[in-house]
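Subject: Structure handover and notes

Hello,

Here is the structure I promised. Please open it alongside this message; my notes follow below.

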Amino acid sequence: MFGFIRPVKPELRVREVDRFQAVYCGLCHEIKRRYGRMQTWFLSYDMTFLALVLGAVTPDDPGTETCRCDASPLRKKCVCRSSDALAYTADVSVLLVYHKTRDTIADETGVKRLAARALLRLMRPAYRRASAAQPALDETMRTCLDELSALEQARTPSLDRPADTFARLLAAAVPSCEANTARILRQMFYHTGRWLYLLDACADLAEDLASGAYNPIALRFGLTKPGLEPVKEQLEHTLERSLLDIHTACQLLTLYRDQGLLKNMIDLGLPLVTRQVLDGTYQSNGGHDQHGSL
Amino acid sequence: MDPYKVLGVTPQTSDDDVKRAYRELARKYHPDNYVNNPLADLAEARMKEINEAYDMIMNERNGAKKAGAAGQQAYGGYQQRQSGTGIYSQVRSAINAGNLSMAEELLSRSPQRDAEWYFLMGTVYFRKGWYDEAQRCYMQACSMDPSNAEYRSALNNLNMGASYGGYRPMDSVNACDCCGQLICLQCMLNCCCGGGGC
């Protein structure tokens with residue numbers, strides 16, 4: 001997806017860094033086991049966050065094991081064992097990547113569109129299996145993204161209208177669990193989705209203005225030049241409200257593990273990335289280029 | 001319910017530390033942090049549990065003496081003050097009942113677009129988490145009726161966020177930077193003064 005949701009490494013304990021790594025690798029292994037090697041290319045930090053949250057609300061801990069992988073063929077790494085949370089996150093990841101690619105075909109032109117077409121064809125077998133595993137989620141993702149493209153086509157000059165479609169899409173990615181936990185997770189994921197969509201629109205502003213593509217930020221504030229400076233305060237404010245909702249929802253959850261890591265990601269990571277994107281100092285690789293590292 | 005578990009303390013914890021733990025939790029789950037939040041009822045339940053746990057521990061420790069837990073205020077978040085025209089009072093009760101789609105439907109059918117309409121629409125958006133739209137509507141309501149205290153306080157509430165819990169995501173690092181600078185300054189002063197033999 002976007003890779004915006006990540007911890008702030010200097011503020012983590014050593015064991016929390018190891019834990020993040022183990023869940024990241026565990027999810028990668030799970031995707032490979034269920035959907036084949038190709039799907040692991042699209043693994044993102046955002047999905048690791050989903051796996052962490054869903055794992056933390058489950059009472060039993062699947063534990064870890066050590067194994068090798070493509071990225072680390074010589075040294076065995078500590079990897080989170082397969083669990084319902086990881087399996088479910090793998091399904092969500094495959095579905096999201098497939099629908100995102102479908103969206104790219106609709107939005108882009110030229111080489112990018114051709115590449116997306118080819119990719120979509122390659123991804124179809126995995127998508128079919130994921131869709132069979134989570135039919136309702138697949139359907140919601142499709143409707144939400146269709147609604148989003150309709151809003152994009154109408155060039156809707158609103159932040160919340162298009163963001164709502166993506167937020168509902170992510171809120172639908174809550175697995176069946178205890179009623180109150182599900183309610184809290186839905187609220188948390190809704191605002192995570194809203195934040196992701198709006199922040200992505202902020203990050204893409206210059207590119208969208210150059211290509212004439214739909215950008216809700218540009219239309220809402222009537223921006224014609226790249227640069228978020230004139231509207232930074234307003235954007236900061238509306239994004240902060242979503243961060244606040246993620247924070248207040250999360251503190252109502254009963255977390256069985258990874259409290260520190262999740263607190264770091266929500267209370268430090270999300271605001272930091274927000275600030276970086278609004279300042280224009282955000283780097284998608286986080287300034288590091290090692291595989292699976294923070 | 002184990003009151004010690006609820007507050008995250010043990011029977012050996014001192015009264016002061018129990019009080020501290022209680023205050024910390026009460027600050028976290030205070031209804032002010034959940035105004036217009038769809039999870040307000042869950043936070044309220046948690047707050048009630050914390051208050052009861054604190055009362056139980058303090059009653060047990062002080063014998064019959066009543067512990068002075070913070071009085072729980074009834075926070076509906078949204079109070080009905082103005083009756084207005086018929087449709088608006090229907091909208092208000094729909095909002096209070098949490099039926100946002102009905103409130104939105106009623107508003108979209110209303111022919112007039114006055115200050116109260118924008119205020120109520122803003123409240124629907126606020127509840128939905130559509131914060132930019134909510135702000136636009138509240139600002140419109142305030143500019144159409146600048147003297148209305150209800151509209152102004154709604155806009156303030158939206159802009160303030162939940163500062164009660166002390167969670168200001170975008171301020172956190174700036175505040176730390178400030179602290180860091182002060183610490184640096186302090187170190188430099190110490191060095192200088194120490195070296196100078198003051």
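At what angle do helix 2 and helix 3 of chain B pack, and how far apart are their axes? The angle is about 170°, and the axes are 10 Å apart. Angles over 145 degrees count as roughly antiparallel, so helix 2 of chain B and helix 3 of chain B are roughly antiparallel to each other. Bear in mind throughout that this is a predicted model.

**The helix pair in chain B**

Helix 2 of chain B covers residues 15–28, and helix 3 of chain B covers residues 40–61. From helix 2 of chain B, the residues that meet helix 3 are B:Asp15, B:Val18, B:Lys19, B:Tyr22, B:Leu25 and B:Ala26. Facing them in helix 3 of chain B are B:Met47, B:Ile50, B:Asn51, B:Tyr54, B:Ile57, B:Met58 and B:Arg61. By class, this contact has nine nonpolar, one polar and three charged residues.

Leaving out residues up to four places away in sequence, B:Leu7 touches B:Val18, B:Ala21, B:Tyr22, B:Leu25, B:Ile50, B:Ala53, B:Tyr54 and B:Ile57.

**Cores**

B:Leu7 is also one of the residues with the most contacts inside the largest nonpolar core. A second core is separate and has 29 residues. Among them are A:Ala171, A:Tyr190, B:Ala141 and B:Ala154. In soluble globular proteins, nonpolar side chains tend to be buried together.

**Chain B overall**

Chain B has nine helices and zero strands. Of its 198 residues, 38% are buried. Take the contacts in chain B with a separation of 6 or more: 53% of them are between residues 24 or more positions apart.

Helix 7 of chain B deserves a look. Its buried residues are B:Tyr131, B:Asp132, B:Glu133, B:Ala134, B:Gln135, B:Cys137, B:Tyr138, B:Ala141 and B:Cys142. What do these buried residues pack against? In chain A, helix 6, helix 7, helix 9 (216–221) and helix 10. In chain B, helix 6 (115–128) and helix 8 (149–160). The length of helix 7 of chain B checks out too. At 1.5 Å a residue, its 14 residues (131–144) should span 20 Å, and the end C-alpha atoms are 20 Å apart, which agrees.

**Helix 1 of chain A**

The same kind of check works here. Helix 1 of chain A has 22 residues, 14–35. At 1.5 Å a residue they should span 32 Å; the end C-alpha atoms are 31 Å apart, which agrees. A:Gly36 follows this helix, with a positive phi near 90°.

**Loops in chain A**

Start between helix 5 (135–153) and helix 6 (160–171) of chain A, where A:Thr156 is found. A:Arg155 lies in the loop between helix 5 and helix 6 as well. Is A:Thr156 buried or exposed? A:Thr156 has a relative accessible area of 11%, so it is buried. A:Arg155, at 39% relative accessibility, counts as partly exposed.

A:Arg155 has a positive phi of about 50°, although it is not a glycine. Beyond its neighbours within four places in sequence, A:Arg155 is in contact with A:Gly212, A:Ala213, A:Tyr214 and A:Leu219. A:Arg155 and A:Tyr214 are 59 residues apart in sequence, with their C-alpha atoms 6.3 Å apart. A:Thr156 touches A:Leu151, A:Arg161, A:Tyr214 and A:Leu219, again not counting residues up to four places away.

A:Asp258 is another non-glycine with a positive phi, about 60°. Its place is the loop between helix 10 (232–250) and helix 11 (259–279) of chain A. A:Asp258 is buried, with a relative accessible area of 14%.

Last, A:Pro59. This residue lies in the loop between helix 2 (45–56) and strand 1 (64–67) of chain A. A:Pro59 is exposed, at 52% relative accessible area. A:Pro59 and A:Arg257 are 198 residues apart along the chain, but their C-alpha atoms are separated by 8.6 Å.

Best wishes

Conventions: Residues numbered from 1 in each chain as written. Chains lettered and ligands numbered in written order. Predicted model: local features only at pLDDT ≥ 70, side-chain atom pairs only at ≥ 80, totals over all residues. Heavy atoms only, no water. Core = buried A, V, L, I, M, F, W, Y, C linked by side-chain atoms within 4.5 Å. Buried < 20%, exposed > 50% of the residue type's maximum accessible area, 1.4 Å probe, protein only. Contact = heavy atoms within 4.5 Å. Axes fitted to C-alpha atoms, helices over the stretch in contact; angles between N-to-C directions. Helix = DSSP H or I, 4+ residues; strand = E, 2+ residues; numbered from the N terminus. Parallel < 35°, antiparallel > 145°, perpendicular 65-115°, else oblique. Nonpolar A, V, L, I, M, F, W, Y, C, P; charged D, E, K, R; others polar. Expected span 1.5 Å × (residues − 1).
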